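Open the model in your viewer and keep the sequence panel at hand.

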Amino acid sequence: MVTLEQARTVIAATLQTGAKMGLKPLSVAVLDAGGHLIAFERQDGASPGRYAIAQGKAYGAVMLGMPGSAQMARADQQGYFMAAVNGVFGGQVVPVPGGILIKDGETVVGAVGVTGDTSENDAEAGLAGLAAAGLVGVA
């Protein structure tokens, strides 16, 4: 389980890491294992549409049990599958890096979605946020 306190720590540390890396304004969503929002923040200057992207990155990760990088690879190899999955989930899946699984051993306990810069930078900042909260992320 991911607590509200942990989610807030993940968000704060992700945003701090993004600032240290010189990234564009980030938005961060933390979801529980059922895909429900625990916490979200959008930095000043981030476009309002970033909520849907951050949520979609995290939602795809938790619902499919695979990080955004694996989803993107799957989309490259089997685009029809990811299109079908996105249809099943009402278009909520954003299959790119920045969707990070939160795991406790082999169990998925939630996910983080980070957006605002390149997908790879988003994932790097999110992993740092998870580490600051004492959580294990798979990007």
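This is a predicted model: local features need pLDDT of at least 70, side-chain atom pairs count only at pLDDT 80 or more; totals for chains, interfaces and linings use all residues.

**Stop 1: helix α5**

Select residues 119-132, which form α5.

Now colour D122, A123, A125, G126, G129 and L130 of α5, which are buried. Look down the axis of α5: the buried residues fall within an arc of 165°, so they line one face of the helix. An α-helix has 3.6 residues a turn, so residues three or four places apart point the same way.

What covers that face? Show α1 (4-21), α2 (50-64), β3 (99-104), β4 (107-115) and β5 (136-138), which are included in the cover over the buried residues of α5.

Then step past the helix to G134, which follows α5 and has a positive phi, near 75°.

**Stop 2: the largest nonpolar core**

Select V10, V30, I102, V112, L130 and L135. Among the 19 residues of the largest nonpolar core, these touch the most other members. Elements giving two or more residues to this core are α1, β1 (27-32), β3, β4 and α5. α1 provides the largest share, four residues.

Centre on V112. Beyond its neighbours within four places in sequence, V112 contacts V10, V28, A29, V30, A58, G98, G99, I100, I102 and L130.

**Stop 3: another core**

Finish with L31, A58, Y59 and A111. They are among the seven residues of another core, which lies apart from the largest one.

How values were computed. Residues are numbered from 1 along each chain as its sequence is written. Side-chain values use heavy atoms; hydrogens and water are left out. The expected span of a helix is 1.5 Å times one less than its number of residues. Buried means under 20% relative accessible area, exposed over 50%, partly exposed in between (1.4 Å probe, protein chains only). The arc is that of the directions from the helix axis to the C-beta atoms. Contact means heavy atoms within 4.5 Å. A nonpolar core is a set of buried Ala, Val, Leu, Ile, Met, Phe, Trp, Tyr and Cys residues joined through side-chain atoms within 4.5 Å.
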